Amino acid sequence: VIQHRDVAPHVHPRGQDVDVRGNVVSDWKCKERAETVLREIEKEHGLERVTPSREVLRAAPSRGELERFNRTGELSAKMALQGHVETALRESPTATEFIERLQLSGVEAIPYVQKSGRVTGISFRKGKELMKGSDLGRGYSWNALQERGLSYDEQRDRPAVEAARESASLGREAPAPPAPERTFA
């Protein structure tokens, strides 16, 4: 166990990569198994419970992003986009309002729309930085945004969704669309 006594004192448990016979331990589903064990240790010893990564909505900043912020005071593109999306999501907006709010903050929403009209995903672009919603964290995918309060009604919001999609692709290289659904003859 490695103990840090910084702003928020905490420990980092570390495991071995080999067993007692010297054989390499399989790392298949290693992170999930380790988190399960850590949650049990937290409970057993009355420690503060850390939210499991599969439940966290917002992707944590990387070490490099934190170091850059500490050095320059500048947010990374991911952190800035997360903030803009959070702000636009306040008070459970319609998809039309959400897109408009993002546009006012200089962020393009790029919905992925099937020919049937069904929205299957969303990306965000600010300047040259383009990221899928899921790259910002589990809570930023199209479905998760709706679970968090975004109201989407195809009849009401489709014009704004289509306009956002068109606007984002005009004069720029559009992001690759999601893979088409497989059909078998």
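Q: Accessible areas here come from the Shrake-Rupley method with a 1.4 Å probe, and for residues only the protein chains shown count as cover; what does the accessible surface of the protein come to?
A: Heads-up: this is a predicted model, where local features need pLDDT of at least 70, side-chain atom pairs count only at pLDDT 80 or more, and totals for chains, interfaces and linings use all residues. Residues are numbered from 1 along each chain as its sequence is written, and side-chain values use heavy atoms, with hydrogens and water left out. Carbon and sulfur atoms hold 52% of the accessible surface of the protein, which comes to about 13,400 Å².

Q: Which pattern does the protein follow along the sequence?
A: Helices (H or I, at least four residues) and strands (E, at least two) are DSSP runs, numbered from the N terminus. There are seven helices and five strands in the protein. Going along the sequence, they come in the pattern β-β-α-α-α-α-β-β-β-α-α-α.

Q: What is the radius of gyration of the protein?
A: It's taken over C-alpha atoms, and the globule rule to hold it against is 2.2 Å times the number of residues to the power 0.38. For 185 residues that rule gives 16 Å, and the protein is well over it, so it is more spread out than a compact globule, with a radius of gyration of 21 Å. The box that the C-alpha atoms fill along the principal axes is roughly 60 × 55 × 30 Å. Back to the value asked for: 21 Å.

Q: How many residues does the largest nonpolar core have?
A: Buried means under 20% relative accessible area, exposed over 50%, partly exposed in between (1.4 Å probe, protein chains only), and 28% of the 185 residues count as buried. A nonpolar core is a set of buried Ala, Val, Leu, Ile, Met, Phe, Trp, Tyr and Cys residues joined through side-chain atoms within 4.5 Å. In the largest one, Val 85, Phe 98, Leu 102, Phe 124 and Leu 145 have the most contacts inside it, and its residues number 23. The elements giving two or more residues to this core are α3 (77-89), α4 (95-104), β3 (108-113), β4 (119-126), α6 (142-147) and α7 (154-169), and the core's count is 23.

Q: Which residues does Leu 145 touch, not counting those up to four places away in sequence?
A: Contact means heavy atoms within 4.5 Å. Leu 145 is also one of the residues with the most contacts inside the core. With that cut-off, Leu 145 touches Val 85, Leu 89, Phe 98, Ile 122, Phe 124, Gly 139, Tyr 140 and Leu 150.

Q: Is Gly 117 buried or exposed?
A: Gly 117 sits in the loop between β3 and β4. Beyond its neighbours within four places in sequence, Gly 117 is in contact with Tyr 152, Glu 154 and Arg 158. Its relative accessible area is 0%, so Gly 117 is buried.

Q: How many Å apart are Arg 58 and Asp 135, C-alpha to C-alpha?
A: Arg 58 is in the loop between α1 (30-44) and α2 (63-72), and at 39% relative accessible area it is partly exposed. Contacts of Arg 58 beyond four places in sequence include Met 79, Glu 86 and Tyr 140. Arg 58 and Asp 135 are 77 residues apart in sequence, and their C-alpha separation is 9.3 Å.

Q: What is phi of Glu 91, near which value?
A: Most residues other than glycine have a negative phi. Glu 91 lies in the loop between α3 and α4 and is exposed because its relative accessible area is 74%. Ser 92, in the loop between α3 and α4, has a positive phi of about 45°. Phi of Glu 91 is positive too, near 65°.

Q: Which residues is Val 1 in contact with, leaving aside its neighbours within four places in sequence?
A: Val 1 is in the segment before β1 (2-4), and with 76% relative accessibility it counts as exposed. Its C-alpha is 6.4 Å from that of Val 11, 10 residues along the chain. The contacts of Val 1 are Val 11, His 12 and Pro 13.

Definitions and conventions
Accessible areas come from the Shrake-Rupley method with a 1.4 Å probe; for residues, only the protein chains shown count as cover.
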